[in-house]
Every structure is written in C-alpha cells, then in structure tokens.
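I set out to read this structure for the first time and to note what I looked up. The entries follow in the order in which I made them.

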Amino acid sequence: MKKYFCILSSNFCILTMASDHIVGIDLGTTNSLVAFMQGEAPVVISGDDGLNLLPSVVALDGNNQPVIGNAARNSLIETPERAVYSIKRLMGRGVEDIQDELKLFPFRLAQDLQPGEVLRIKLGDKTFTPPEISALILRQLKRSAERFFGGPVTKAVITVPAYFNDAQRQATKDAGRIAGLEVLRLVNEPTAASLAYGLDQKQNGMVAVYDLGGGTFDISILKLHDGIFEVTATNGDTHLGGDDIDNLLITIALDDIRGDLGLDFRNNDLRRSAETVQAIRKAVIEAKIALSSQPSAKLDIELPGGKRYQREITREQFEQLIQPVIDRTVGPCKQAMKDAGLKPEQIDEVVLVGGSTRIPKVRALVKELFRREPHTDLNPDEVVALGAAVQATILGGGSQATENMLLLDVTPLSLGIEVAGGVTDKIILRNSTIPASATQFYTTQVDGQANVAIHVLQGERELAKDCRSLARFDLKGIPPMAAGIPRVEVKFLIDANGILHVSAREQRSGKEADIQVQPSYGLTDEQVESMILDSFDNAEEDFRRRQLVEARNEAATILSALEKGKKSPAWGQLTTDEKKQIAKMEKALAAVNAEDDYAAIRKAIDALNQGTMRLAELMMDTAVSTALKGKSMDEADLGEGPTAPHPMAKAEFE
Amino acid sequence: MRAAHFCGSCGKVQPPAPVDYFTFFGLPPKLNLDVAALEKDFYVLSRRLHPDLNATAGSKEQQWSLEQSSMLNDAYRTLRDPIKRTEYLLHLEGVALEEQSKTATEQARATGAIKKQIVPPDLLEEVFELNMELEELRMNRKTGEDDSALVAEIGKQKLVLETKHEALLDELETHWKDWDDLIDRSQAGRAASAEELAQVTGKMVDVLNRRNYIRNLVRDVNAALEE
C-alpha cells in the first residue's frame, strides 16, 4: 500500500474574504436573476429598476451601446432589428441545428457565417455570438449585485438546464468569463431548485423536480437524505418551453390576419412586419398569462394600415392548443422514472419550477403523471436563482444553513466515442454521478504512425451520426513504433460542471501525448479572451469608475436641485451667513466634480447635503402650506427630486 | 485496507492512489458485498472528497479532489451493481468478455459482418423459433396484415426470455460464493491455484455471455415490436 504524506505545507487554504461575495445566477431563456445568501436565507437582488426579474433581452441603442432587460424590451417593438431575445436557444449550437428555430424566432444570422463557425447574430449592423449576448445579460446582473454590495463581484454560480449538453455548458461558462465572472460551478436548474426547497424542509425521500421554463424543459429525480441531494436520473428537452406556446399563438394570429383581414406581412416591408409580429407576440404572452387565472382573454392588436385584429381565446381553446406542446414533457418524465427505477407511487414530493408551470393544464398533467399534488410554495421564477445562491455558499465554505448539504448531480447524456463502422461506444452512461471518468486505450494501425484521431460524442443513439458531436481530436506525437505497439491511455473526465476534460499518455514511453481538442461547436480560448467585457483584473477599477460616474450624477442632481431651491421662497428665509456657507460648499462640490477623486466628490456631496438641510426643511414647510392653500404638490415647484437619498428628494414627503 | 484518501496529519485530500475499486473502499476482491454499507461509505467519502467541499482549497487540492471524487463515483457505480461488479472483477483477473458484448454486436450490425456469436446451446431451439416469428412479423407488417396473434406469441416468448435473464443472476450468485470462498482460503494462507480460479471465472464468463445474449435478443424483439 502506498502512503501519501502531506506535501501541502505551503499551500494553506486561503480564507474567503468577507467582501468576496459569490452570487447565484439564473441565466434564463426569458428572464434572468441574481441572488445571494443573506445570513441564512437566499434572497434575490433587484436591478436598478427595482425589479427582481431581468428580461433576457438585449438591444443596441442609437449610439450602438447595449441596453439590457426592460429597457431593451421596448426596442423589440420599436427597433426589432436591433434587439434579440431567447438567445439561450442558440447557446452551444451550430447553424445546422437551428433551422427549426429560425422559422419561429426572429434571429438574424450574420451573412458571412462559415460552416462550423460559432453563430453570430446581427444587432443593427454589428454581430455578436450567443455567449457575448448572454455575457451582456450576466454583466447587467453583476452590476446589480455590485451596486447592492458596494463592491466588486467576480465569482458566480450559474445555472443551466440539466439536459444541456457539453457544448451548451461550455458556451455558458464562456459567457461568464466574457462578463468578467469566474464561474465556480454550473448547477443544473432543477437541482438548484431542490436546494432552495431543501433548505427549509430538511427531510428524506424521493423528489421529482418538473421544470418547464421559457425555452427548456427538465425533469430530475433526486434522493434526499441527511443533507445529501443525490440526483438519480434526469431527462428533458432543451428546446421546449413557454416560447413554443407563444409561437403557436403567434402563428394562429398571423393566419387569422392573413385570412380574415387579407393582410399579408410578407408583402410589407420587413421592418413593419417585424414590428407587428413583436406587437402580436407581446399581446399573446399577456393573453397566455391571463388565461392562467381567467376563463378567457382578448387579443386586440393594432395593425399597419389602421386595421385592428381582435380575437377572444377561451381557456378551453387554449388548453386544446397547447396540449401537444405540454405532452412532449411526458416522455422524458417516464424515462427519468424508469432510469431511477421508480414507479410514480414511490415519489414522495413533486416540485414545480419555471414560469410555464403556472399554467393550470401543466399542473394537471404533472398531478396525473406523478399522482400527487405538486409543491408550489416558492416562486417558480425565483427558486432556481435562490438555489444557485445556496450552492454558492456551499462552494464558499458553507454556513450554518448549508451545513451538511451536498449536491451529487449526474451527467444527462451518455458520453461515447466513435468506433469502426460509425458506431458509438458508450464509455460513460447517462445518469452517472459526476465527476465521472472513463479510460480508453488506443494503438496504431500503421508502422511509425504518430497521430490517432478520436471523435467524442454525446447522446443515446447507436450510430455516431445520430449523436451529438462534441469534439474531434488527434493524439499527436506518438513515438515511432511498429503498428499495434504503442499503448495510448486516454482519460475522459466529466467534471462537476458536466464539462468534459481529456488527457492522454503513451504508456510504453510514458510520454504525455499532446491533445488539441477542437470542439465541434464552441469558441476557442483565444476567442473568449478577446471578447472579455470587463477584464478580470479590471473588476476593481471598473467598479471605481462606475462609482465615480454615479457620484457625479448624484452631484449634478443636487446642484440642480439647489438651483431650483434658490428660486423658492424658502431661500429668502435663510440668513446671509447660511447662504454664504451653501455657496461655498456648492463651489467646492462643483470643483471636485471636475476631478476624478470619488472620495472627494462623496465628501462634498455629503457636506452640501448637510449644509442644505435647513433649506430643505423650509422648502418642505412651504410646500405643505402651499398644499394646504389648495395647490397640489406638483404645482408647488419642488423640482424633479433626485433618485438618490437626499433631504430635498420628493420621497421625503411621502 | 483502504487507500489513503487524506493526509494522516492534516486531513487534506491527497492525490488518488493507483488502486482498484475494491481497494479504494478498503474491500477485499469478493463478489458478495453489503451494498447498504457501501452506500453509507460512499456518502461519508463524498462529504470529504467532493469538489464542492474543496472549492476554497488550493488549486492542487482542487485537482486531487476532482480526481478522487470521480474515482469514488466510478468505483461506487461499478461495485453497487451486481453485473458491473462481476465484469469488473473479471477484468481485474484479465478475463475478456468481448465477443458477445453489446459493442461487438452493434459493430457487427453496423458493418454487416457476421457476428462472432455462439448461441448458447440451451437456447438454440427457442432462438430459432423466435427468429422465424420475427421474420414473419416483418413480412406481415410489409403487407399491412393484422398480426395481433403473432404479436401476442412473440410477447409471450419475450417474457420467457426475461425470466431466464433474471434466473441467470441467481446462477451467477452461486459462482460468487465459489469465488469468495477461494479468496477467503487464500487470505487464510492456502492460496488458490490458477486452475481453481480460472474454473470459477470461466463459469462466470459463461453466465454473463448467456445473459448478454438474451439481453440483446430481448432488445431485438422490442425493436421489432416497435417498428
């Protein structure tokens, strides 16, 4: 027996600093969220608009600057050729994979796309790869978190659909890197959801998580015992979700419009048609949401040329319509139960995740499948991000709340290699707990052969051509030997993110074989490097810069409020000395505001705030008395209150 | 004795020792195994080796944690399953199972080569009959004939095969006992001879091959019924 001595004396664990926040991010098809553990409970961090959900929409404004979220949503209707949504559908995919999506989504591909190249989407006249667009969404969430913490955020756990393949996972990790985030772990969405649920309900048993989101469907079956969340089977469809329901409704509306109103957008100019389609999309989504709580919903859309399209949809019609879509979740659920070796009666709890599980018909289907009432205690839009925050804490060294919690996840798809005759030889089966590995031996066919080609696949089909091609690579630099003599050991390892790593060694010479893995769909390291938005090292500097910009904005707001204050009757009630003091502080703020010293600006803002306190009070009194005299608050010229906390802010009156 | 997964003095994760799966869990190379105890040990080790719980460690330790926990998962997955466990032990003993494996079968099917597969003698008659029926089923389907009686008959045969498939596990277990006895004897100082060991492994190979054969047959039947 070999014995290993500790050779780590110089390698002490670096304690995670208190300021080193690791956030959990749900990068969704429709909406994205960022969350963190506040004490012992995960909470969602809201954006600068005060909302928890950031719509996963990216647009370019008139100056070609990216706009993300709700702001970009308007652009979907006003300038649809400069906006993109549901980009998650394109992550890690090749142009030949997405022909079906292109019929239904207004993705505009770059014209000069070469076969095998990573997709590029046109926004205005610029092009972006799907990981770059996702990175813009991630950066927005990163900023929200930085604003919340008042310091840089550089580490994150990001969730992915459990059924994402290697390329889709890698693309998500790349997006994180481009956004300036170190992705500590990719966690499967249904598993993350189970962590959020498991936090308050520490119990043992078998749990099924049914996750139907905007664009993806996952089913995971977990065994919970004493804090270990062990996934026993997972299945799904990475192109099935609320989007598909929207597209059905849009298609019907377009057919109606063509048939009844005689309008055909195909004859109109592209721009107007895109606008109308987006207006229809917005209307049908609203109707879909309404139908979860109402027996019927109305569509009322203004069309080009002044005509209106009006239609009522009843719950019954809606349910009939979506039946084929939601029925597509049945097969994966049954397969997962079969793989887990369970009958529906043996499942103790069912948890619903994803916005589409709000649809009553979906809930009825789940109830029928698992023969029990599903749990809906947590907000299905937020539960994944909350779980990601729990996992972030576990990775950061744990807390009291996460003590004893450990996630054991699985790989959703079998890993195989192509062997003679185009057949897939499976070397790591689906639902194997990760990390997982397999070792294969290769030799040469010809004397002196220096390279051996290997084709790695992912999928369940027997023939290589029916599986997903992950990568092709050459084992290079095999020492010259007679055919069949070299013995190259190739180790395939799937890490805890579900991402494959390959290493090789020629055993007779002990030589580490050189491997260049060329992913079939994906960016190279160099490409990712060149795309990085906020370089890792610049995170601190970027934060300072933004802090500075925000302080300058605040200063400008205060200075303009002061100008208004000077014109108010309250100004006259100040003593000459007070006025002199204020003027001095005003001058001081204006002076430092031209410099780049954040601390000085901050100090000057605080001083002026303090110095104008009495003026603000007097103004408030005037306003109140004006209001009592019958004038409204608005008329009592209070000026546009700054959004930052300030004595002169409107918020103080409310 | 179990492989040393942690440093004896500081408790940190160590690089994985190049050991077999039995040694990884500190088990003797025996086939009768307490799966419940194995599961318990798997969880105990997971709580220390998993990368999630070593994410704040140095990069070397993180790498070792990744390697160790993948080996833990591979070992557990292999040993908890009776068939995989037997196949793994045979692999350690240098016994090849290749001719009748699924890969070989698929390869043969894809290349159109005649599969080097020997029909187990006790199945000859049934296999012959079943193949005739499957052929008839395919013909009927081509002409669009109703074949419910034939489907029922094939279903019945499939059930017989599945029962046999199950029974072979019991048969395998009797050989486990023979194997474990030899290991116990060896550890008690009376080493088993190469012939004795080969005799037992030979029987296990035979059972596994028959089992594989039936499994492939059932798969063919399922495929034909689904067509």
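Entry 1, chain B elements. The tally for chain B is eight helices and zero strands. I note at once that the model is a predicted one.

Entry 2, confidence in chain A. I looked up the pLDDT of chain A, which averages 83, with 87% of the residues at 70 or above, that is, scoring at least 70. Over residues 1–19 of chain A the pLDDT is below 50, and this stretch has 24 contacts in the model beyond near neighbours in sequence. I found a further such stretch in chain A at residues 630–654, where pLDDT stays under 50 and the model has 39 contacts beyond four places in sequence.

The domain assignment divides chain A into domain 1 (22–240 + 328–408), domain 2 (242–326), domain 3 (415–524) and domain 4 (537–653). I then took domain 1 and domain 3 of chain A, whose C-alpha centres are separated by 30 Å. Between them, 20 residues of domain 1 of chain A are in contact with 15 residues of domain 3 of chain A. Which element gives the most to the side of domain 1 of chain A that touches domain 3 of chain A? I found that α4(A) does, with seven residues. At least two residues each come from α4 (166–178), β11 (182–188) and β14 (228–237) of chain A. By class, I recorded seven nonpolar, six polar and seven charged residues on this side of domain 1 of chain A.

Strands β24 (residues 488–494) and β25 (residues 500–506) of chain A pair in the antiparallel sense over seven bridges. In this pairing I494(A) stands opposite L500(A). The two strands, β24(A) and β25(A), form a hairpin with five residues between them, and G498(A) in the turn has a positive phi of about 80°. I followed β25(A) onward and saw that it also pairs, in the antiparallel sense and over two bridges, with strand β26 (residues 511–512) of chain A. Here R505(A) stands opposite E512(A). This hairpin of β25(A) and β26(A) has four residues between the strands, and G510(A) in the turn has a positive phi of about 70°.

The largest nonpolar core has 149 residues, and V23(A), I25(A), A35(A), V157(A), A385(A), A388(A) and A389(A) have the most contacts inside it. Its largest share, ten residues, comes from helix α11 (residues 383–395) of chain A. I looked up the neighbours of A35(A), leaving out residues up to four places away in sequence, and found among them V23(A), V44(A), A385(A) and A389(A). Another core, of 26 residues, lies apart from the largest one and includes A3(B), M71(B), L79(B) and L208(B).

The domain assignment gives domain 1 (1–80) and domain 2 (115–226) of chain B. Their C-alpha centres lie 34 Å apart. Five residues of domain 1 of chain B are in contact with five residues of domain 2 of chain B. On the domain 1 side I recorded three nonpolar residues, one polar and one charged.

How values were computed:
Residues numbered from 1 in each chain as written. Chains lettered and ligands numbered in written order. Predicted model: local features only at pLDDT ≥ 70, side-chain atom pairs only at ≥ 80, totals over all residues. Domains from an automatic or database assignment. Contact = placed C-beta atoms within 7 Å. Nonpolar A, V, L, I, M, F, W, Y, C, P; charged D, E, K, R; others polar. Pairing = 2+ DSSP bridges. pLDDT = per-residue confidence, 0-100. Core = buried A, V, L, I, M, F, W, Y, C linked by C-beta atoms within 7 Å. Buried ≥ 20, exposed ≤ 12 C-beta atoms within 10 Å, placed from the backbone.
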